[in-house]
Structures are given as structure tokens and as C-alpha cells.
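Biologist: I have a model on screen and would like to learn how to read it. Could you take me through it feature by feature?

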Amino acid sequence: MIGTAETRQCGPGLCWFSLQRLPSLLEAFEKEIDGVRDAEDIEHIHRMRVASRRLRAALPLFCDCFPEAQYSRWMEEITGITRALGAARDTDVQIAFLEKYRKKDDRARNDRIQETGTGPGPLDPALTYLLNGLREQRKKAQVRVIAALDELEKSGVIREMQAVFAARVARQGEKPPRSIAYGIPAIAALRIGSRLAAMRSYEPWVKHPDAVAEHHAMRIAAKKLRYTMEVYGPVYRDGLRTPHAQARKLQEILGDLHDCDVWIDHITRLLLRERGRMRSGRRRPDTVTLASLRLFLQGRERERNAIHRRFTRYWKSLEGKTAWVAVAATLVSGRKEEYVPARKAPGPELRSATLALAASWPEGLSHHRDVTRLALMLCDGLSPLHHLSTEDRALLECAGMLHDIGWTGGKKQHHVRSGLRIFSDESLPLDIDGRSIAGLVALAHRGKVSIPSHPLFILLAPERQDVAVKLAAILRVADGLDYLHTGTVQEVHCIIGEHEVVCDIIAAGDVTREKERAQARGILFSQAFGRELVIR
């Protein structure tokens, strides 16, 4: 999501990191343009398409480093050329496949020449018909590619990006800022974890051979995971080589599966369309060609079944190796030294940084202070139940002071922006563990988010997950007690019983609505502390 001009934040670490990744991607994209125009070697369009996809995948990760209008213009142009390249490349792949298929079929027939003679094979009419159509299609696609390249050149986007990158590289030093140890690792873990979760969400469909749409979506998810790991690979000691190779192989297998699906759909539609047509049309396939197409279709269906079996075996092997669990561990413990904070910041340093960040939205300071005050009262009153540390209490204070910081981008989804701000802001001296907990607590304060399914929650150790849930439960209740942002609730006193926790409220006026809102947000509290919440 792109923030407004007022909310876009790019710390020195993120700016430095963006310049380690984006210029090389742009160079790989730009150097293929002449070859694509000449259209003499299909590898040029292949490499440029891959480069455009990588650039398009990487730019959104650094969108906050550039003015919104500039970033949007870059993305629009790169997306346009990627689409044009994609149509041409897909046709090239189909032509190359048919030519290879024909050679393989010819070799097989030559081996049986004494038995069958030297005439054309039964698949030859289908291959000829399909190749002729695709070559015409490729000529038209090249016209669109040239038009897209002309438009790209006319826009000046490549020159603009090169100039922006060069100017920024000249201004920054070679040595990375210390702040790269704060915001980047958490955001890298969040984005890789999110991509991994998206890919794994299709796991129930792996074993179903006819789940064509789900397998295609899983392929796209694997591709996005792979590109995201490529961008953030330098953060980790092994560069994420093993999971990247696994995602790439998975994408390739699913790509082969998708290629079969494309052929099956195309030939099936063609045959259905031709059933009721006269054969007198100039470009209509004759009956021999139609019979040949049916044979080709049967072959693609058999091949798809074989590839699906290979896909299920490979997926099962990844699950057996606990490949995805290993990725989660690497995101936390596999970082290079420069991406790990040199020390744990003391409480006063965290408090100072939190207050400075909260001050960036002065309209919310009063509410932030009131909610934080109530949350800390609840935390202290519940200490016999939760046994949280002073560091955990400091994380609650951080989350309370920043839980509505996302309002700088408007009310809608402000809790999501608040969480992202805590996850990514380099001024907060927090490592992944503390940053994840504080951000998750802020993210969950409205009760709209189930934090156990969040990618950063999954990275936490079980005991730290318990801390996150308890702090989130406390902040939800505290935020409810200042629902109207009036600061009317002055104190909260907790009475801990065997089956319930009674919170007595002392207020400067009528707080009926605040009590109702706090009570309504008590479900997570009951789950976290094993007791019913009673507000009175």
C-alpha cells in the first residue's frame, strides 16, 4: 500500500538498502532493449521480461523512498512493458516447445522407420497448424512490443530512474548506516513470511489434479516469494540460497503444469469451436488436422498427469524436510552481523524514541497518553497473573503510544498502518522480537486482526507469542476505556478472582459507552488470562 505524501517514511537504512538492489535490476532491464527491438534472438525478450518482473517486484518494497507521483509513474511504465513482453515471450515459449516436440517426434519415427515408412507422423498436421498460427501471432506481438518500447522511451522513465539512483548513490557513503539493523530485518521477515504464507495457503489443493486455477495461483505465489527472497537475500548469511532454490524448482514444476493447462484449454476450445463449422474456410483445419489435434490433446493430458505426480512428490519432500520451518528460523537467526543490533537498548532510550515518533502525529498525543496510562495500570494490576517482565511492560508502553499513529493516513485501516510503522521505523531501537511484539499489539488493538496467523507472530518463540497475546489483550481493553478520546476514565483497579477479573473504573464523568466498548473487547482478555473480564 502506498501511503500519502504525509505518511511516507524512508529511513537512512532503507534508502541505503534500496540503492544496493534497484540500480542493478534497472541495468539488467535496460541493456536488453536493443536486442528485443531486433527480435533476432528470443533470449533477449526472455531476459528483459524476467528483469522487468524483478524490477516490478522490488520497487514496491522501496516505494516510501520516492515521491508518490514519481513512484506511480515508474510502476505504470514498467507494468506496461512487462505485459507487452509477457505476451511475446509466452508465444516464443509455445513456438519453441512445438519445434522441440516436432524434432522429438521425428526422431522417434526415424527409429521405427522400417516398420512405419517415411511419411509424416500423425501429429505433424497439428504441429504445422499450431506453428503457423503462433508465428502469425508472434509478428503481431512484436508490433505491440515495439510500441511499448517506444512509449517507455518517450516517457523518459529509465533515464529518470538512472539519474535519481546515481544522485543518491553519490550522496551516500559506502558504509551502511547503523539503522539497517532495526527496520530492514523485521520488514524482510514480514514480507518473506507473507509471501510464504500466501504460497502455502494453496497446500490443500496440491493433491487435486484438476485444481487448475489453484495450481496456477500457487505458481504465481511461488514466483513472488522467489523474487522477494532475491531482494532481501543480502540480509542473510547464506543469501537464502536453499529456500530460493526450492521456490524456484517449485515454480518451474508448476510452470510446466501450467503450460500443459494452456495447451489443453486452447486445443479443447479450438475443437469445440470447429465442431459446427464448415471445412471450406480458408484457414479452417481439415478433418486430418482435427484428428491430429485430438492426439496432441491426449498427449498433453497424459503429460499433465505425470507432471502433477512429480509436483506432489516434490511438495511432500519439502514438507518432510521441514523446509518452511527452516525459512522461519533463518529470518530470525540467520542474519548477517550488520543486520543485528549491536546491543539491547535500555528502557529510557526506547521511551525517548517512542515519544519522538508519537509526536509526529500531535493530534493523537492526548489519546495515546490516556490509553497508555490505562494499559500500564491494567498491566501492573494483573502482574500476579501474567508475570511479564519490565521489558515486556516497556513494549506495551511503546505499542500504546503508537497504536493510532496510522491515523496520519486516515481512519480506514489505520491499525494496519500503525503496525507497519512500528515494524519498519528505524528510529525505534528494537530487534525483531520486541519490534514484532510491539507492532502486533498495536495492529490488534481494534480487535479486527487475529494475530496468531500473522507472519511475524509465527516467528516468535512460544513464550514470546504468549507475551504478545497478553499485551494485545490489555491494550484492547485500555483502548476501549478511552473509546471517545475524552480521557474521562482516570483509574483502573483490578480484583483478580478464581474465575474472573473485575476492573473497577474511576472516572470524571459518565463512561457508560467506554465501559461497554471495553467489555466488548474482552474476548481476547479471557483467552489470554483464563478468566472472564468484568468492567464495573
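Predicted model: local features only at pLDDT ≥ 70, side-chain atom pairs only at ≥ 80, totals over all residues.

Biologist: Is R138 buried or exposed?

Modeller: Compare the relative accessibility with the cut-off. Buried means under 20%. R138 has 13% relative accessibility, so R138 counts as buried.

Biologist: Which residues is R138 in contact with, leaving aside its neighbours within four places in sequence?

Modeller: R138 is in contact with I45, A88, T91, D92 and I95, once neighbours within four places in sequence are left aside.

Biologist: Now the whole chain. How many helices and strands are there?

Modeller: The chain has 22 helices and three strands. Its C-alpha atoms fill a box of roughly 95 × 55 × 40 Å, taken along the principal axes. The chain has 536 residues, and buried residues make up 49% of them.

Biologist: What share of the contacts join residues at least 24 apart?

Modeller: Take the contacts between residues at least 6 apart in sequence. Of these, 76% join residues at least 24 apart.

Biologist: What does Y232 contact beyond its neighbours within four places in sequence?

Modeller: Y232 is in contact with F17, L61, I187, A188, R191 and I192.

Biologist: On to helix pairs. How do helix 1 and helix 3 lie relative to each other?

Modeller: Start with the angle between the axes. An angle over 145 degrees counts as roughly antiparallel. The axes of helix 1 (residues 12-30) and helix 3 (residues 42-58) cross at roughly 150 degrees and come within 8 Å. Helix 1 and helix 3 are therefore roughly antiparallel to each other. Helix 1 passes helix 3 in a left-handed crossing.

Biologist: Which residues meet between helix 1 and helix 3?

Modeller: From helix 1 come L22, L25, L26, A28 and F29; from helix 3 come M48, A51, S52, R54, L55 and A58. By class, the contact of helix 1 with helix 3 has nine nonpolar, one polar and one charged residues.

Biologist: What about helix 8 and helix 12: at what angle do their axes cross?

Modeller: The axes of helix 8 and helix 12 (residues 323-333) cross at roughly 170 degrees and come within 10 Å. That makes helix 8 roughly antiparallel to helix 12. On the helix 8 side, A189, I192, G193, L196, M199 and R200 take part, meeting W324, V327 and L331 in helix 12. The classes in the contact of helix 8 with helix 12 are seven nonpolar, one polar and one charged.

Biologist: How do helix 9 and helix 11 lie relative to each other?

Modeller: Again, the angle decides. The axes of helix 9 and helix 11 (residues 287-320) come within 14 Å and cross at roughly 55 degrees. Helix 9 and helix 11 are therefore oblique to each other. Their crossing is left-handed. V212, H215 and M218 in helix 9 meet R304, H308, F311 and W315 in helix 11. The residues in the contact of helix 9 with helix 11 divide into four nonpolar, two polar and one charged.

Biologist: Where is E203 found?

Modeller: E203 is in the loop between helix 8 (183-200) and helix 9 (212-232). At 28% relative accessibility, E203 counts as partly exposed. E203 touches W315 and E319, not counting residues up to four places away in sequence. E203 and W315 are 112 residues apart along the chain, and their C-alpha atoms are separated by 8.9 Å.

Biologist: One last residue. Is H244 buried or exposed?

Modeller: H244 lies in helix 10, residues 241-274. At 17% relative accessibility, H244 counts as buried. H244 touches R226, M229 and E230, not counting residues up to four places away in sequence.

Conventions
Residues numbered from 1 in each chain as written. Heavy atoms only, no water. Contact = heavy atoms within 4.5 Å. Axes fitted to C-alpha atoms, helices over the stretch in contact; angles between N-to-C directions. Helix = DSSP H or I, 4+ residues; strand = E, 2+ residues; numbered from the N terminus. Parallel < 35°, antiparallel > 145°, perpendicular 65-115°, else oblique. Left-handed = near helix turned anticlockwise from the far one by under 90°. Nonpolar A, V, L, I, M, F, W, Y, C, P; charged D, E, K, R; others polar. Buried < 20%, exposed > 50% of the residue type's maximum accessible area, 1.4 Å probe, protein only.
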